[in-house]
Amino acid sequence: MFESAKFIISKLAKDRTSLVGACLIAGLLLIALFAPLLAPYPQDVSEFHPPERLLGPSMLHFFGTDRMGSDIFSRMLFGARITIAIAVIAIGVSVLIGVPIGLIAGYNKNWISDGLMRVSDIFLAVPQIILAIAIAQTLGPSIENVILALSATYWPFWARLVYAETRSALTETYVEASIALGASPFRVMVFHVLPNISSSIIVRTTIGMGGTILTAAALGFLGLGPPAPSPEWGRTIAESREFLPEAWWYATAPGVAIFLVVMGFNLFGDGLRDILDPRTRRSHDG
Amino acid sequence: MRVLVLILNRLLWFIPTLIGLMIITFTISHVIPADPVAFFAGDNATPEQIEALRVRYGLDKPLHIQLVNYLIGVTQGDLGVSIYTQRPISEDLLARLPATMELTFMAVFFSTIVGVPLGVFAAIYRNSFLDHFLRVLTVSGLAIASFWLAILFQLLFAMELQITPLQGRIDGWGPESITGFFILDSLIVADWDSLQSALSHLVLPTLTLAFPAMATIVRFTRAGVLDAINSNYVLYEQAMGLPSNLIIWKYVLRNALIGTVTQIGLIFGILIAGAVVVEAVFDWPGLGLYAVEAILNSDYNAIMGFTLVTGAFFIIVNLVVDILHGVIDPRTQA
Amino acid sequence: MKYLKVFKALMLSVALTAVSIMGVSTNSFAKSKFVFANSSPYDTLDPHVIYDVGRVASRLNMYDGLMRWLDNPPQLTPWLAESYEISADGKTYTFKLRKGATFHDGSPVEAKDVVYSIERILALKKGAVSLFSKSIEPGSTQAPDNHTVVFNLNAASSIFLATVPAIHVVNSDLLKSKEVDGDWGGTWLSKNEAGSGSFELTRYDPAIGFQAKRYANHFMGWGDKYLDEIEFRTVKEINSRVLGLLNGDFHGTDGYLPQDQVKRLKADSNMNVLEEESMRIFYSIIHNGRKPFDDVNLRKALSYAFDYDAFINNILSGSVARNPVPVPNNIWGNPKDAKGYTYDLEKAKEYLAKVKGPIPEITIGALAGYGQTEQAAALLQNGLSKIGLKSKIVAEPWSVASKKMRDEQQMYDMLWLWRSTYYADPNNWVGEMYACDQVGARNNSWYCKPEVDKLLMEARVEPDQAKRAANYEKAAKMVTDDAGGIFVYNTKWFGPYNKKVKGVRFSPIGNAQEMRWVHME
């Protein structure tokens with residue numbers, strides 16, 4: 001395990017685009033972590049200065065000020081925390097639900113596994129954003145509910161993936177051997193199948209982060225994310241529309257922030273896939 | 001034979017999947033704390049008025065009875081009546097469908113005619129400047145928030161340069177309605193003003209919607225072409241001395257397209273999900289906007305109707321793709 | 001390199017298509033067609049199922065009532081009626097209809113149509129019905145002859161006359177012929193029109209709006225300047241409305257745009273921005289029925305913690321006038337000497353100290369999609385945090401908020417919103433907002449104080465306006481002293497029109513959307 005991790009890291013370090021991705025993710029994490037230190041006006045998350053509203057970018061306010069006169073740059077930094085929290089928790093929950101379901105459905109070949117896969121198919125039959133909007137609207141706008149809505153709609157991706165991977169892993173000789181030797185299903189699933197398919201899960205999870213951040217931002221944009229005066233990026237873009245085209249800076253900063261972060265996860269995920277997933281590797285380096 | 005089994009197997013699951021879908025949407029839409037009746041009854045409604053309306057729409061019955069009533073209605077082609085517009089949902093959806101289809105079709109058309117050639121070039125000149133540039137472009141296409149891209153387009157083309165309309169589907173009332181597709185209708189009745197207006201309104205939403213789809217197409221075409229180039233039979237053809245142009249276009253592209261066709265389901269997914277947000281920004285009177293409005297108005301029947309129709313559509317697309325895949329790709333038949 | 005050529009050709013054709021598509025025509029309209037960009041959709045045209053400000057144009061332009069509110073300050077003017085009489089006990093209202101008024105199909109407007117209209121309102125139980133359901137029994141309205149209508153109220157009412165304009169008269173013969181399953185012709189009327197108004201419907205699409213042409217035989221007659229055609233189109237996005245106005249696609253739009261956009265319109269030489277003081281007060285409901293908000297000290301603390309000045313002068317750029325009481329400044333019954341609250345954190349803390357027991361986190365409601373309510377909520381939250389109160393903002397769409405407003409348990413602790421003019425009488429504001437009999441319906445504050453209620457109930461039956469005014473003034477002051485809500489401002493109307501548009505006649509009821517006096521130069 002340790003050797004392979006070292007191998008992956010050294011491979012990744014050689015891939016320029018993955019490196020860019022990794023830097024963007026690291027940047028997001030650092031910003032989120034040190035937001036209170038980095039922000040010139042950390043109090044502006046909840047503090048307003050109405051006389052200074054809608055000022056353009058300047059040395060005092062790098063990204064200008066918003067409709068309440070708060071510093072957009074400072075708010076963007078704190079918005080990073082919300083984005084990280086939503087994406088990490090929602091994906092975490094999806095993995096925790098999807099992976100066991102996929103394992104169980106993949107390992108067994110009976111009506112339970114058919115049923116589980118049907119349920120996940122039903123979820124996959126509708127565009128994720130529609131279900132997420134419906135759930136988020138039902139529960140009311142808040143960070144927690146966005147996480148819930150995203151988890152409830154994203155787990156089938158992992159269930160499907162793990163199901164397929166488990167089915168093919170079961171045909172591997174060493175798994176067959178351990179079943180023949182009388183290992184319990186739980187043991188086979190956790191100690192033989194899971195490590196074997198973990199790389200696919202990691203790749204899917206990394207790329208899934210980007211998609212989740214986009215969907216979360218779209219929910220915020222539609223007014224289903226955390227309420228005002230939250231500095232959530234999607235909501236900030238929605239707020240800004242009323243003040244376009246004069247206050248062009250208002251929508252620019254959060255849009256670029258979303259773009260860079262999603263780009264980071266996608267690039268890093270691509271790099272990981274090329275290294276970890278031998279079947280798609282060819283397509284990338286030709 | 002295998003294809004037939006595949007079709008039968010998929011059809012067998014079609015109905016239960018739809019029912020499952022209905023149950024899920026029903027559950028979600030009926031725990032909404034908002035009261036659609038209160039909304040529709042208006043600002044001045046008294047509690048008694050609201051109660052009377054609730055009885056009229058059957059919302060006073062227990063949930064399971066409402067669900068059964070709904071399922072029975074659906075089998076008769078009745079999706080219920082929208083509490084908000086007071087019209088049958090099927091009528092509303094049908095009226096909104098052409099707008100979404102027109103936009104989606106344009107997006108598919110645009111992303112394909114641009115995406116496929118770009119994908120082929122990226123593969124042929126892999127690791128060239130063009131390839132790297134396209135890689136950045138495709139990664140951006142999938143990383144950009146469509147609502148933000150839409151706003152950027154609006155800011156640049158509609159507000160600053162003022163060369164496209166900001167929003168909407170057409171100026172005024174559009175051409176005489178025959179098919180509901182404005183481009184087609186205006187061509188049929190030779191209404192050139194409407195045609196120009198419809199086309200100009202399509203530019204920004206199409207570009208916004210097509211960008212991520214195009215990125216996906218470029219990636220899959222590139223991968224497919226590379227696969228094909230490296231496969232043995234192309235090497236064989238080369239050894240046979242066939243000109244490389246011919247090989248590329250005739251053999252490689254055909255094989256690469258198989259890969260792309262199988263991704264149509266995925267692309268439709270991107271487009272429909274994108275349409276919801278893009279239609280909201282551009283105020284495009286299609287299904288996506290209808291869904292968002294229905295959700296905001298807690299219009300139960302409309303939410304369920306929309307989910308059901310999109311879900312069914314999605315399942316059918318995937319079914320067709322599976323079958324197509326089975327037909328074109330000999331490997332699945334082996 | 002054959003494929004390069006193909007590629008070049010492809011790109012060229014794409015570029016050409018794009019260029020040809022992008023050339024946009026500027027639409028020119030027929031000389032006297034007026035296009036109005038409206039923010040809310042005209043999802044139904046039935047005048048009896050809706051009673052809101054956003055969709056008022058379809059009612060005002062295609063339908064008439066017995067009376068009509070005109071101008072600013074609003075004057076109640078006989079319209080289809082030529083005269084009316086009120087019995088001594090204040091319970092019987094007899095209207096004489098003018099002769100010669102006709103529906104758009106040419107048939108005369110008669111008393112039976114008025115009777116059918118009020119019965120239809122009472123039966124459908126929608127729209128304006130709550131104004132009448134308590135005072136008029138179904139079947140009690142009579143038509144002794146073709147030109148006389150008699151309303152028999154349950155009890156004397158001094159506001160009935162003010163609400164008569166809400167009874168839009170429909171063509172009863174036509175509707176009866178369109179009736180399906182006892183729906184009072186509702187299915188048909190939601191997409192069609194059966195009125196006698198100044199304009200008759202020519203085209204309607206719920207996704208676009210409606211178009212109507214001048215009804216030459218309207219009873220009011222026409223001068224030599226008028227509009228041949230009007231069109232009300234739904235354009236939800238503010239920026240689209242403003243841009244369309246600037247490039248001449250629209251000739252008018254709603255008068256409650258954000259100030260930043262009003263500035264942009266004022267700067268344009270083709271625009272004419274009319275200004276009128278409207279009657280539309282902005283305030284925050286406080287849930288008086290819930291602990292600890294039943295404590296006047298807490299409510300006063302809340303009232304002192306809102307930065308009125310920053311909100312009015314900075315966020316709204318001074319475009320509105322401070323209105324410290326629950327009656328608009330520009331209507332009778334407004335206490336001119338009332339002193340409202342100011343932003344004073346010291347006083348807020350003082351009152352807060354008198355509140356016994358712990359104060360839980362306060363939920364401040366705002367209306368999603370109405371940025372101003374969110375900004376007010378955020379500003380209040382900021383003030384509250386400075387006096388040590390915790391709060392959270394919940395922005396929900398009107399569909400959710402309107403339901404919660406009617407439920408004592410679900411209602412937010414506070415909610416920011418406007419109170420528009422449905423009829424120009426102080427009863428429309430303080431008389432409904434703080435009356436005991438409206439609790440849970442039009443009184444969403446669960447505020448019920450016997451001494452205030454007595455004044456309001458007296459005013460509802462008192463025929464003498466001077467006496468009524470005194471009561472409303474007193475009641476408004478008492479509610480303000482009692483901090484029944486946070487009263488902020490009264491709206492100004494900034495009606496943006498194309499320079500060519502003349503003759504706009506503003507009234508707070510309808511916001512200048514009645515087009516019969518408008519013409520284009």
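Author: Let us begin with sheets. Helices (H or I, at least four residues) and strands (E, at least two) are DSSP runs, numbered from the N terminus, and two strands pair if DSSP finds at least two bridges between them. This is a predicted model, in which local features need pLDDT of at least 70 and side-chain atom pairs count only at pLDDT 80 or more, while totals for chains, interfaces and linings use all residues. Residues are numbered from 1 along each chain as its sequence is written, and chains are lettered from A and ligands numbered from 1 in the order in which they are written.

Reader: In what order do the strands of the open sheet of chain C stand?

Author: The order is S4-S5-S7-S6, an open sheet of 4 strands with antiparallel pairing. Strand S4 (81–86) and strand S6 (142–145) of chain C stand at the edges with a single partner strand each, so one side of each has no neighbour in the sheet. From one strand to the next the twist averages 25°; angles run from 0 to 180 degrees between N-to-C directions, and axes are lines fitted to C-alpha atoms, for helices over the stretch in contact.

Reader: How many bridges pair S4(C) with strand S5 (residues 92–97) of chain C?

Author: The antiparallel pairing of S4(C) and S5(C) has 5 bridges. Within this pairing, C:Glu85 has C:Thr94 of S5(C) as its bridge partner. In a regular strand the side chains alternate between the two faces of the sheet.

Reader: Which residue has a positive phi in the turn of the hairpin of S2(C) and S3(C)?

Author: C:Asp71 has a positive phi of about 65° in that turn, and 4 residues lie between the two strands. Strand S2 (residues 67–70) and strand S3 (residues 75–78) of chain C run antiparallel and are joined by 4 bridges. C:Met67 is opposite C:Pro78 in S3(C).

Reader: How is the packing of two helices read?

Author: Two packed helices are described by the angle between their axes and the distance between the axes. In chain A, helix H6 (residues 128–139) and helix H7 (residues 143–169) pack at about 145°, their axes 8 Å apart. This crossing is right-handed; a crossing is left-handed if the near helix is turned anticlockwise from the far one by less than a right angle, and right-handed if clockwise. By class, the contact of H6(A) with H7(A) has 11 nonpolar, 3 polar and no charged residues. Here Ala, Val, Leu, Ile, Met, Phe, Trp, Tyr, Cys and Pro count as nonpolar, Asp, Glu, Lys and Arg as charged, and the others, Gly among them, as polar.

Reader: At what angle do helix H4 (residues 72–107) of chain A and H9(A) pack?

Author: H4(A) and H9(A) pack at about 145°, with axes 8 Å apart, and H4(A) passes H9(A) in a right-handed crossing. Residues are in contact if their C-beta atoms, placed from the backbone, lie within 7 Å. The contact of H4(A) with H9(A) includes A:Ile86 and A:Leu103 of H4(A) and A:Met189 and A:Gly208 of H9(A). Its residues divide into 16 nonpolar, 4 polar and no charged. As a whole, chain A has 12 helices and 0 strands.

Reader: How many residues do chain A and chain B bring to their contact?

Author: Chain A gives 37 residues and chain B gives 42 residues. On the side of chain A that touches chain B, H11(A) supplies the largest share, 9 residues. That side divides into 25 nonpolar, 8 polar and 4 charged residues.

Reader: Is C:Arg516 buried or exposed?

Author: A residue is buried if 20 or more other C-beta atoms lie within 10 Å of its own, exposed if 12 or fewer, and partly exposed in between. C:Arg516 counts as buried because it has 21 C-beta neighbours inside 10 Å. C:Arg516 lies in the loop between strand S18 (501–502) and strand S19 (519–520) of chain C. Leaving aside neighbours within four places in sequence, C:Arg516 is in contact with C:Ser198 and C:Met220.

Reader: Which residues of helix H10 (residues 308–315) of chain C are buried?

Author: C:Ala310, C:Phe311, C:Ile312 and C:Ile315 are buried in H10(C). Their cover includes strand S13 (321–322), helix H12 (371–386) and strand S17 (485–498) of chain C.

Conventions. Contact = placed C-beta atoms within 7 Å.
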